[in-house]
Amino acid sequence: MMFESAQGMKIVVRTNGPYIVSGGVPLARGEIVVNDAGESVAWREIERVPTGETYALCRCGKSGNKPLCDGSHFADGFDGTETAERAPYTEQASCTNGPGLKLLDARQLCAEARFCDRAGGLWNLINRCDEPGVSDLADEEAALCPSGRYVTCDAVTGEPHEPALEPSIWLIEDPSLGVSGALWVRGGIPIVSEDGTPYEVRNRVTLCRCGESKNKPFCDGSHIAAVFDGR
Ligand code: FES
C-alpha cells in the first residue's frame, strides 16, 4: 500500500538526534477537536509555524526551543534507537472484512488520538457497514486516524480510502487530555532511517517527538503518560 511520494520533500532520522526535514515542508500546529461526549471528531489547524527550507525537529522532547532541536539530546544522553518494524503496512496489519468495506489495523502504530472510539468504535462499525450511514462513518473514523494505524478499503477492489492531505507536518496538540502529541507527517513525505533505509511511504504517519516511544521513530501514545508539553 505504497503511497505516492511528496516530491522533493524528505525527513531523515538522525542517530540519537533530531529529524532533519528538507524540501520546504510546511509546518503547522493542529489540535484534536472533541464533541460534548469527549470523543475525538475532527482536526483543527491552529497556526502555521514559520521555518526555513530545511529544519531540524526535536525528537528527544527536551529542547528549549521546541519544536526545533537545540542540541539538548547531547546533554541528555538521548537514546533514539529505532525499534519499529520495517515490514510494509499490509504485512503488519490485521484485516477485518465487513459488508462492502474491510478494515486494516496495525495496532502497534497507534498514537492514541482516539478517533476510532465514536459511535461504539470502528471495530464494531465495520461489521455493520450495510446499515445506513455506517460505512461513511467507518471511513471517516479511519481517515481521521493520524498514524495510519487504520485504513479502510473497498471490500471487492481492495482500493484504500485515503483522505487527501497537503504534504506537511503537524505538531499535534491534544487539549482534552492536556498534552502535546506526535509529529503528524501528512501526504506521503518520505522518511529515512538513521541507517539510510527508507520507511514505506505512507499518507499518514506519526513520529515521536516526546522521546518516550517504545516504537521509535513512531509514536506509541507514550506522550500521554509522560504528560508531554511540546510547546
Ligand atoms: S510523541 Fe507520542 S510517544 Fe512520543
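This report describes the aromatic pairs, the charges over rings and the salt bridges of a predicted model.

## Aromatic pairs and their cluster

The count of aromatic pairs in the model comes to five. One of them joins Trp 43 and Trp 170, whose ring centres are 6.2 Å apart and whose planes stand at 80 degrees, so the pair is edge-to-face. Because Trp 43 belongs to strand β4 (residues 40–49) and Trp 170 to strand β9 (residues 168–174), this contact ties together parts that are 127 residues apart in sequence. Trp 43 counts as buried because its relative accessibility is 17%, and Trp 170, at 6% relative accessibility, counts as buried as well.

Trp 170 also pairs edge-to-face with Trp 184, with 5.5 Å from centre to centre and 80 degrees between the planes. Here Trp 170 in strand β9 meets Trp 184 in strand β10 (residues 179–186), so the pair ties together parts that are 14 residues apart in sequence. Trp 170 and Trp 184 are both buried. Together with Phe 115, the residues Trp 43, Trp 170 and Trp 184 make up one aromatic cluster.

## Charges over rings

Elsewhere in the description of the rings, the charged end of Arg 59 sits over the ring of Tyr 19, 5.7 Å from its centre.

## Salt bridges

The model has 15 salt bridges by count. In one of these, the side chains of Glu 31 and Arg 44 meet at 3.0 Å, N to O. Glu 31 counts as buried at 16% relative accessibility, whereas Arg 44 is partly exposed, with a relative accessible area of 41%.

A salt bridge of 3.0 Å, N to O, also joins the side chains of Asp 195 and Arg 86. This pair links distant parts of the chain, 109 residues apart, with Asp 195 in the loop between β11 (191–192) and β12 (204–207) and Arg 86 in the loop between α1 (72–76) and α2 (89–92). Arg 86 counts as partly exposed at 38% relative accessibility.

## A further bridge and a network

Glu 162 and Arg 204 form a salt bridge in which the closest N and O atoms are 3.0 Å apart. The two residues are 42 residues apart and link distant parts of the chain, Glu 162 being in the loop between β8 (150–154) and β9 and Arg 204 in strand β12. Glu 162 counts as partly exposed at 25% relative accessibility, while Arg 204, at 2%, counts as buried. Finally, salt bridges with shared partners join Arg 29, Glu 47, Glu 173, Arg 209 and Arg 231 into one network.

Notes. Residues numbered from 1 in each chain as written. Predicted model: local features only at pLDDT ≥ 70, side-chain atom pairs only at ≥ 80, totals over all residues. Heavy atoms only, no water. Phe/Tyr/Trp six-rings, centres within 6.5 Å; stacked < 30°, edge-to-face > 60°. Helix = DSSP H or I, 4+ residues; strand = E, 2+ residues; numbered from the N terminus. Buried < 20%, exposed > 50% of the residue type's maximum accessible area, 1.4 Å probe, protein only. Lys NZ or Arg CZ within 6 Å of the ring centre and 35° of its normal. Salt bridge = Lys/Arg side-chain N within 4 Å of Asp/Glu carboxyl O.
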